Amino acid sequence: MDSSENVTVNINGTKFDISERTWQSIKTSLYETHGGDKMSQLFTKNSDDYFFERHPQCFSEVLGYFQNRGLHMPGSICPMEFKEELKFWGINAKEMSNCCYSRYIGFFDDQKMLNMLDTDESNRTNERLYLDRCRRQQDWSGVEATVWSVFEEPSSGKLAKVLYVFQDNIVAIKQIIILK
Ligand SMILES: [Zn+2]
């Protein structure tokens, strides 16, 4: 192929010489993803290259996809970052080859699990704050909260604390018994 038919794509200073045909595939994907109006904002057309402010290492794999070599994820790249790059270049992550897709999906499963654990911990903290507030009240709701927290967190330190708080509520219990 005549070198004049090649196109130079400059990704943050790293240059890739690609065929006009591959460049057309990339441009079509960008057009379909971002729309015609945004095209001029995606890259700068210089006299000898097309400049993109994107991740060069990810682009190597993006290029492989457009050159029909399959889609693989660079080992040193965070899957979150790769996801963003795929989104920019208009590639569906499901197109990824199995060898890398399991690692990609595994990462997002782990993130989901971490978020669930975070939410669970935050719910437990809110519950604890609520019980602490209730315990400070000198009535039955205080007594209930105290007893409830023993079942919720039966650690020895917690139990001692709870028994201490329980003493405060004895006055309330006595009053209730007297009223009956
Ligand atoms: Zn792979």
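Which strands does helix 1 lie across? Helix 1 lies across strand 1 and strand 2, and runs at about 105° to strand 2. The angle is taken between N-to-C directions, on a scale from 0 to 180 degrees, using lines fitted to C-alpha atoms (for helices, over the stretch in contact). Helices (H or I, at least four residues) and strands (E, at least two) are DSSP runs, numbered from the N terminus.

Before going on, a word on the model. It is predicted, so local features need pLDDT of at least 70 and side-chain atom pairs count only at pLDDT 80 or more, while totals for chains, interfaces and linings use all residues. Residues are numbered from 1 along each chain as its sequence is written.

Four strands form an open sheet in the order 2-1-4-3, with mixed pairing. Two strands count as paired if DSSP finds at least two bridges between them. Strand 2 and strand 3 (44-45) are the edge strands, each pairing on one side only. Strand 1 and strand 4 (residues 50-52), by contrast, pair in the parallel sense over three bridges, and Ile11 has Phe52 of strand 4 as its bridge partner.

Helix 3 also packs on the sheet: it touches strand 1 and strand 2, and its direction makes about 10° with that of strand 2. Contact here means that two C-beta atoms, placed from the backbone, lie within 7 Å. Which residues of helix 3 are buried? They are Cys58, Phe59, Glu61, Val62, Tyr65 and Phe66. Because they cover an arc of only 160° around the axis, they sit on the same side of helix 3. (The arc is that of the directions from the helix axis to the C-beta atoms; buried means 20 or more other C-beta atoms within 10 Å of a residue's own, exposed means 12 or fewer, and partly exposed is in between, with C-beta atoms placed from the backbone.)
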